[in-house]
Amino acid sequence: MLQFLHTRLRVSDMEASIGFYQKLGFILVKSSISPQGNKLTYLSIPGSEHLLELCWSQNYQVAVPEDLMHTCIGVDDIVSFCTNLEEQNIEIWPADWKETFTNGGLKMAFVTDPDGYEVEILENKR
């Protein structure tokens with residue numbers, strides 16, 4: 001059976017990245033050290049089998065070009081979810097997301113992790 005198991009992101013500060021993704025609802029699954037000496041942390045969202053692998057290497061400089069790639073999470077109530085993130089001092093963009101949602105626009109927003117990776121937030125279709 002073919003499976004899509006995880007996606008790796010290089011990070012510059014493992015603890016800051018773990019904290020950010022936990023605010024988005026990810027839970028820590030496991031941490032380890034690779035044979036090459038990389039610190040690896042695996043996170044998941046309850047109900048999803050796909051893992052997010054965070055990788056920190058002492059001699060690796062993280063430089064994420066704008067709009068290189070993004071991950072995406074689905075939430076049941078995007079207004080409540082984004083409001084909660086703002087209360088935790090996470091910037092939601094576009095800045096007019098509340099007005100867009102209220103006016104019947106696509107319920108989609110973005111946040112940016114500590115290294116510049118974008119995370120798209122979509123409201124689950126009911």
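Strands (E, at least two residues) and helices (H or I, at least four) are DSSP runs numbered from the N terminus. This is a predicted model, in which local features need pLDDT of at least 70 and side-chain atom pairs count only at pLDDT 80 or more, while totals for chains, interfaces and linings use all residues. Residues are numbered from 1 along each chain as its sequence is written, and side-chain values use heavy atoms, with hydrogens and water left out.

**Exercise 1.** Find which element gives the most to the lining of the largest pocket.

Solution. A pocket is an open set of points on a 1 Å grid over the protein atoms alone, where a 1.4 Å probe fits, with protein on both sides within 12 Å along at least five of seven lines; lining residues have an atom within 4 Å of a point. Step 1: the lining of the largest pocket has 16 residues, with Phe-26, Ile-45, Ser-48, Cys-72 and Ile-73 nearest the centre. Step 2: E4 and E5 are the elements that give two or more residues to this lining. Step 3: E5 gives the most, with five residues.

**Exercise 2.** Determine whether Tyr-117 is buried or exposed, and list what Tyr-117 touches.

Solution. Step 1: Tyr-117 lies in the loop between E6 and E7. Step 2: its relative accessible area is 9%, so Tyr-117 is buried (under 20%; exposed is over 50%, partly exposed in between; 1.4 Å probe, protein chains only). Step 3: leaving out residues up to four places away in sequence, Tyr-117 touches (heavy atoms within 4.5 Å) Leu-9, Arg-10, Tyr-21, Val-62, Val-64, Met-69, Val-111 and Thr-112. Step 4: a polar atom of the Tyr-117 side chain lies 3.1 Å from the backbone oxygen of Arg-10.

Definitions and conventions: Polar contact = N/O pair within 3.5 Å; in protein donor to acceptor, adjacent residues only side chain to side chain.
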